[in-house]
Amino acid sequence: MPTMNIIQAVNDALRIQMRADDRVVILGEDVGKFGGVFRATSGLYDEFGPDRCIDTPLSEAGIIGTAIGMALYGLRPVPEIQFADFIFPAFDQIVNELAKFRYRSGGQYPCPVVIRTPYGGGIRGGHYHSQSPEAHFIHTPGLKVVIPSNPVDAKGLLLSCMRQNDPVLFMEPKRVYRAARGDVPADDYTVPLEKAAVVREGTQCTVVAYGAMVHECTAAADKAAEQGISIEVIDLRTLLPFDIDTLLASVKKTGRAVIVHEAPKTCGFGAELVASIQERAMEHLEAPILRVAGLDTPFPYTLEHEYLPNADRVVDAVRKTLEW
């Protein structure tokens, strides 16, 4: 079983699906001969050629609009937005067109587009290369939002996404693009969508995260264990629609919950998770659900590690729920 990082796992998934289905095309800025700004599409142009590995102009709205047209005519496009920060010029195409095509056509026209985009901070990318805009898209019915945290999930989830008949936003945590490594099956396999993973079992507090924050939370679980505190860590994996059953089962066991994400706190996805848990499991809660999130400021450059949640902040929040 080969060892891969997340970029290699994404590349492997793209290659497998392009070999299996000649309707799959990738398009985006520098995804062709250059192999993508992070090299996630490296080697695909050489194997599949310029008709299936298409370099586009610097126009995010054009990339997504083109992908929508391709999908309506029977292809299965996988566009890449080079950084999630650049996705907003395509916001109208994604929210008003891509996500709604099945609905507006009465179910006649599915739109199987998988948008890949790296997101998040921690690489000193500054304001325009570090944001986490998932909440903008989770508010969009008709769109699925998926975020892996490790190579095994990245490959299996991306293959699942590319076999969907509806649009998916697949966000890749670039902070751990190369840092997260693991043994990945070389063969074709899928990881089911809409199913969270319990990556660390515990008894005293449930900690919910996704993407790079999963790694901070497992580090927090290690630190907490040294203090005699048992944390259960859940990797959400699919954010829309999310796996509420796994969250509720864990919260009913531990009685406490902390939600962790690196996007700003106000109106972040954590607020939706808190509301959903308390609506269904209020009587099982021993303390208010807390959020550990990015700050309500534009993403900073020199102070990014002050902005981003870390293991110590997660442990502090867990202790507050235990002391409440």
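Select helix α8, residues 213-226. This helix lies across β9, β10 (205-209), β11 and β13 (257-264). It runs at about 170° to β11. Lying across implies contact, meaning heavy atoms within 4.5 Å. Helices (H or I, at least four residues) and strands (E, at least two) are DSSP runs, numbered from the N terminus. Axes are lines fitted to C-alpha atoms, for helices over the stretch in contact, and angles run from 0 to 180 degrees between N-to-C directions.

Before moving on, a word on the model. It is predicted: local features need pLDDT of at least 70, side-chain atom pairs count only at pLDDT 80 or more, and totals for chains, interfaces and linings use all residues. Residues are numbered from 1 along each chain as its sequence is written, and side-chain values use heavy atoms, with hydrogens and water left out.

**Stop 1: the sheet**

In what order do the five strands of the open sheet run? The order is β9-β11-β10-β13-β14, with mixed pairing. Two strands pair if DSSP finds at least two bridges between them. At the edges are β9 (197-200) and β14 (290-294), each pairing on one side only. From one strand to the next, the twist averages 25°.

Zoom in on β9 and its partner β11, residues 231-235. These two pair in the antiparallel sense over three bridges. Pick R200, then look across to V233 in β11, which stands opposite.

**Stop 2**

Select α12, residues 311-323. Helix α12 lies across β10, β11, β13 and β14 and runs at about 165° to β14. Two packed helices are described by the angle between their axes and the distance between the axes. For α8 and α12 the angle is about 60°, and the axes are 8 Å apart. That makes α8 oblique to α12. The classes are these: angles under 35 degrees count as roughly parallel, over 145 as roughly antiparallel, 65 to 115 as roughly perpendicular and the rest as oblique.

The crossing of α8 and α12 is right-handed. A crossing is left-handed if the near helix is turned anticlockwise from the far one by less than a right angle, and right-handed if clockwise.

**Stop 2: α9 and α10**

Go to α9 and α10. They pack at an angle of about 65°, with axes 10 Å apart. Their crossing is right-handed. On the α9 side, select I244, L247, L248 and V251. By class, the α9 and α10 contact has seven nonpolar residues, one polar and one charged.

**Stop 4**

Select P241, in the loop between β12 and α9. Is the peptide bond from L240 to P241 cis or trans? The bond is cis, with omega near -5°.

**Stop 3: α1 and α7**

Select α1 (residues 6-20) and α7 (residues 151-162). Their angle is about 30°, and their axes are 8 Å apart. They are therefore roughly parallel to each other. Their crossing is right-handed. In α1, show I6, A9, V10, D12, A13, L14, I16 and Q17. In α7, these meet P151, A154, K155, L158, L159 and M162. The contact has eleven nonpolar, one polar and two charged residues.

**Last stop: R39**

Finish at R39, in the loop between β2 (24-28) and α2 (44-48). Its phi is near 70°, a positive value in a residue other than glycine.

Note on methods. Nonpolar A, V, L, I, M, F, W, Y, C, P; charged D, E, K, R; others polar.
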